[in-house]
Amino acid sequence: MYTNNSQNKIARPITISRLQQMKEQGEKFACLTSYDATFTNAISHSGVEVILVGDSLGMVIQGQDSTLPVSIEDMCYHVAAVKRGNAHSFLMADMPFMSYSKPEQALDNAAKLMQAGAQMVKLEGGQWLHDTISLLSQRGIPVCAHLGLTPQAVHKLGGYKVQGRDEHIAKSIETESLNLVEAGADMLLYECIPTSLAKRITEQVSVPTIGIGAGPHTDGQILVLHDMLGVNLGKPARFVKNYLTEGRSIQAAFEAYVTEVKQQAFPTTDHSFE
């Protein structure tokens, strides 16, 4: 059984190879968003394997009503800050809205994020990303493909809704996942899809999967920092759990989250969709 003590905390930098090994061994890994050096240092020392500098900063840091106003300059600034605070975790960065509409544009902007300190970039979308992911992979840039609910397409989707309940859409997400891995994606992230769909895809693909509102069967779990500390604006989403409870310190909240992910105590059916 996993216990989050000093012997279990990350002692050496996490790499793609290590995450791949964890998938193969059936060991779950924890991910959190972060946007500055101070929180990043605490998160990294708590045992969190992957830190995402998310374009969610538009909402939780900038006070925007969506992620769309976030620029590549905003992302590079926060990636650099997070890089300076990181101790051991693998550092992933979102590519913001319209920064990867064409493959060459994606290459230029991904290079900026990597030079700022990212070790992987994350792009939202399906089959249309095939050529872009292939180009980035060929140039040595690791890629995570984000499928399901893609917040940058919130207006096209008609709101923040669960994706993949319809079997036709579910099959499309499944097929796109396999194709993007073939194109060179090193990781897949699923937001707000049915538990059964996430399980089916995770068992098929060779790369690690991360879920948020995708049930307990993905290889990793991710939450937005402010959500899991209970300081989010507005009503929290179903998949959110507040860990800053029971008199815990912020550090203890991070460690409790890691422990529950490792022990598969989070997420439960209360945080998932069917």
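**Helices, strands and contacts in a predicted model**

Q: What distance separates the end C-alpha atoms of H4, which has 14 residues?
A: Helices here are DSSP runs of H or I with at least four residues, strands are runs of E with at least two, and both are numbered from the N terminus. The expected span of a helix is 1.5 Å times one less than its number of residues, so H4 should span 20 Å. The predicted model agrees with this, as the end C-alpha atoms of H4 are separated by 20 Å.

Q: What pLDDT do side-chain atom pairs need in order to count in this predicted model?
A: Residues are numbered from 1 along each chain as its sequence is written, and side-chain values use heavy atoms, with hydrogens and water left out. In this predicted model, totals for chains, interfaces and linings use all residues, local features need pLDDT of at least 70, and side-chain atom pairs count only at pLDDT 80 or more.

Q: Is histidine 78 buried or exposed?
A: Let's stay with H4 (residues 72-85), where histidine 78 sits. Relative accessible area under 20% means buried, over 50% exposed, and in between partly exposed (1.4 Å probe, protein chains only). Histidine 78 has 12% relative accessibility, so it counts as buried.

Q: Which backbone nitrogen does the side chain of serine 66 reach at 3.2 Å?
A: Serine 66 lies in the loop between H3 and H4 and is buried because its relative accessible area is 6%. Not counting residues up to four places away, serine 66 touches Gly58, Met59 and Tyr160. The nitrogen that its side chain reaches at 3.2 Å is that of leucine 68.

Q: How many bridges join E4 to strand E5?
A: Two strands pair if DSSP finds at least two bridges between them. Strand E3 (residues 90-94) pairs in parallel with E4 over 3 bridges, and alanine 93 stands opposite valine 121 in E4. Leucine 123 faces alanine 145 in E5, and the parallel pair E4 and E5 (residues 143-148) is joined by bridges numbering 4.

Q: How many residues of strand E4 are buried?
A: Met120, Lys122 and Glu124 are buried on one side of E4, and Val121 and Leu123 on the other. Strand E4 (residues 120-124) is therefore mostly covered, its buried residues being 5 of 5.

Q: What is the radius of gyration of the protein chain?
A: The chain has 11 helices and 8 strands. The radius of gyration is taken over C-alpha atoms, and the globule rule is 2.2 Å times the number of residues to the power 0.38. For 274 residues this rule gives 19 Å, and the chain is as compact as a globular protein of that length because its radius of gyration is close to that, at 17 Å.

How values were computed
A polar contact is a pair of N or O atoms within 3.5 Å; within protein, one must be able to donate a hydrogen and the other to accept it, and residues adjacent in sequence count only if both atoms are side-chain atoms. Contact means heavy atoms within 4.5 Å.
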